[in-house]
Amino acid sequence: MIIYRAKNYQDMSRKAANIISAQIIMKPDCVLGLATGSSPVGTYQQLIEWYKKGDLDFSHVTSINLDEYKGLGPDNCQSYRYFMNTNLFDHVNIDKNRTFVPNGLEMDSEKACSDYNQIIAREGGIDLQLLGLGHNGHIGFNEPGAAFEKETHCIDLTESTIEANKRFFASEEDVPKQAYTMGIKSIMQARKILVIISGESKADILKEILYGPITPAIPASILQLHNDVTIVADEAALSKLPE
Ligand SMILES: N[C@@H]1[C@@H](O)[C@H](O)[C@@H](COP(=O)(O)O)O[C@@H]1O
């Protein structure tokens, strides 16, 4: 595991974008596993800037996102498909047909998840998976207690995640209660993993996932067992780690 220390959110974003760019340059037809949330927004902005300068080409890239709220479609501004379109895909030359997000409008959970597993397998797996980190140690929407051996599945969001995500919705009642997410097994099968973490509010959980026991109670703790993980965290997020 490599840990890069970034000065702040902007520096973290630039470092993470550098790692993603290197992946695209080394393998132009790579499969990127992408994430939503506030953590990757700056990374995507940096990638867009480099694309606009002519330094990056997404035309052969495939992307597979981690998760989607069950019940929300692409036109809903809170859906993760909408987030990806507006924060990245609309601004670069990626072929939208090669961008995948679980189908939030498929109400048959089993079908939505098995379709998504098939897509991941068909695309040959993920070369580089970008991850943010939930305050309770969740990755994607794998909440504490999620079994490590799961692929894409439907989950019930925990109260703390609903609470954390309600800032994006008109009211707490509007936050969907379920989501489709790649499982820990799908994430761990990615060839490389890049985790971005910013802010003091993530400092305790970052320490826990790095130094604590590997347990489904803290889903991200499993990353200790992956052989190619890079963490880019800012000083505030790293503030609780031993020197
Ligand atoms: N499903 C997403 C996760 O993929 C993300 O990592 C997490 C942290 O979000 P943020 O980066 O906004 O702290 O939020 C959501 O729950």
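A: Start with the setting. Over residues 10-228 the chain is 33% helix and 14% strand. The end C-alpha atoms of that stretch are 24 Å apart. This is a predicted model. UniProt, in an unreviewed entry, places the feature "domain: Glucosamine/galactosamine-6-phosphate isomerase" at residues 10-228.

Now the helix pair. Two packed helices are described by the angle between their axes and the distance between the axes. Helix α1 covers residues 9-26, and helix α2 covers residues 41-52. They pack at an angle of about 55°, with their axes 8 Å apart. The crossing of α1 and α2 is right-handed.

Next, the residues that meet. From α1 come Y9, Q10, S13, R14, A16, A17, I20 and S21. Their partners in α2 are G42, T43, Q45, Q46, L47 and W50. By class, this contact of α1 with α2 has six nonpolar, seven polar and one charged residues.

Last, the ligand. There are 14 residues around the ligand. G37, S38, S39, G132 and G134 come nearest. By class, the shell around the ligand has four nonpolar, nine polar and one charged residues.

In short, α1 and α2 pack at about 55°, and their crossing is right-handed.

Definitions and conventions:
Residues are numbered from 1 along each chain as its sequence is written. This is a predicted model: local features need pLDDT of at least 70, side-chain atom pairs count only at pLDDT 80 or more; totals for chains, interfaces and linings use all residues. Axes are lines fitted to C-alpha atoms, for helices over the stretch in contact, and angles run from 0 to 180 degrees between N-to-C directions. Helices (H or I, at least four residues) and strands (E, at least two) are DSSP runs, numbered from the N terminus. A crossing is left-handed if the near helix is turned anticlockwise from the far one by less than a right angle, and right-handed if clockwise. Two residues are in contact if their C-beta atoms, placed from the backbone, lie within 7 Å. Ala, Val, Leu, Ile, Met, Phe, Trp, Tyr, Cys and Pro count as nonpolar, Asp, Glu, Lys and Arg as charged, and the others, Gly among them, as polar. A residue is near a molecule or strand if its C-beta atom, placed from the backbone, lies within 6 Å of it. UniProt positions are given in the numbering used here, feature names are shortened, and annotations may be inferred rather than shown by experiment.
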